[in-house]
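This briefing is meant for a reader who is meeting the structure for the first time. Please look over the sequence and the model before turning to the points that follow.

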Amino acid sequence: MVARGAGTAVGSRADEQRQRILSAAVGVFSRRGYRATSMNDIAGEVDLSKPALYHYWRTKQDLLVQIYESVLDESLDGARAIVAAAPSPLEAFRGLIVERVAYTCEHQDLLKICFEEESELPPELAEPILERRRAYEAVVHETVEAHLAATGLVLPMAPKAFVNTCLGAANWVYKWYDPAGALTPHELGEQVAAVLLPALG
């Protein structure tokens, strides 16, 4: 997860500090919840005074917005790359589900925040984030539609409802995936994809 502004002075101390604070915020928000976390809590995690923390991040809300933007931008870029590299829409869909499950397993703390703290965003900040989410969902939806058009298959439900069902199954693993269990994130992704793909023939 990369903070806004990172890369303008690669490796700069300020960028590294912003990233360190952002990572600390992810941990605290995930453990305690956004509302129960204060800027003092985050400052304590990174051994900074509160005034020093404000030099890098003005508000707790800025940190929350950055978490959402980073997750969704990374997800959207990854989805587009998978589709561009896939030999067919069906393989693209399989790759999207595998990657969605694997990413969710590998970033359970981030996904917990994204799914459980959305109500903390005011409408003017939530709408750009929802646009990013809709753009990601559109990539998956277009892949399914391309497969249906190429094969003549008709699903027993609307394609958009099918996509939402599949993404819901993939995203929900943040609640129950055990990193100490028998499956790696990628292996679980393959299994989830194997369950969902038969619906597409």
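Predicted model: local features only at pLDDT ≥ 70, side-chain atom pairs only at ≥ 80, totals over all residues.

**A loop residue**

- Asp47 belongs to the loop that joins helix 2 (39-45) to helix 3 (50-56).
- The phi angle of Asp47 is near 55°, which is a positive value in a residue other than glycine.

**Two helices in contact**

- Two packed helices are described by the angle between their axes and by the distance between those axes.
- Helix 5 (residues 89-106) and helix 10 (residues 185-196) have axes that come within 8 Å and cross at roughly 140°, and the two helices are therefore oblique to each other.
- The crossing of helix 5 and helix 10 is right-handed.
- Helix 5 contributes Arg94, Ile97, Val98, Val101, Ala102, Cys105 and Glu106 to the contact, while helix 10 contributes Pro185, His186, Leu188, Gly189, Glu190, Val192, Ala193 and Leu196.
- Sorted by class, the contact between helix 5 and helix 10 has 10 nonpolar, 2 polar and 3 charged residues.

- Thr104 lies in helix 5 and is buried, with a relative accessible area of 0%.
- A polar atom of the Thr104 side chain lies 2.7 Å from the backbone oxygen of Arg100.
- Leaving aside residues up to four places away in sequence, Thr104 touches Leu111, Ala170, Asn171, Val173 and Tyr174.

How values were computed:
Residues numbered from 1 in each chain as written. Heavy atoms only, no water. Axes fitted to C-alpha atoms, helices over the stretch in contact; angles between N-to-C directions. Helix = DSSP H or I, 4+ residues; strand = E, 2+ residues; numbered from the N terminus. Parallel < 35°, antiparallel > 145°, perpendicular 65-115°, else oblique. Left-handed = near helix turned anticlockwise from the far one by under 90°. Contact = heavy atoms within 4.5 Å. Nonpolar A, V, L, I, M, F, W, Y, C, P; charged D, E, K, R; others polar. Buried < 20%, exposed > 50% of the residue type's maximum accessible area, 1.4 Å probe, protein only. Polar contact = N/O pair within 3.5 Å; in protein donor to acceptor, adjacent residues only side chain to side chain.
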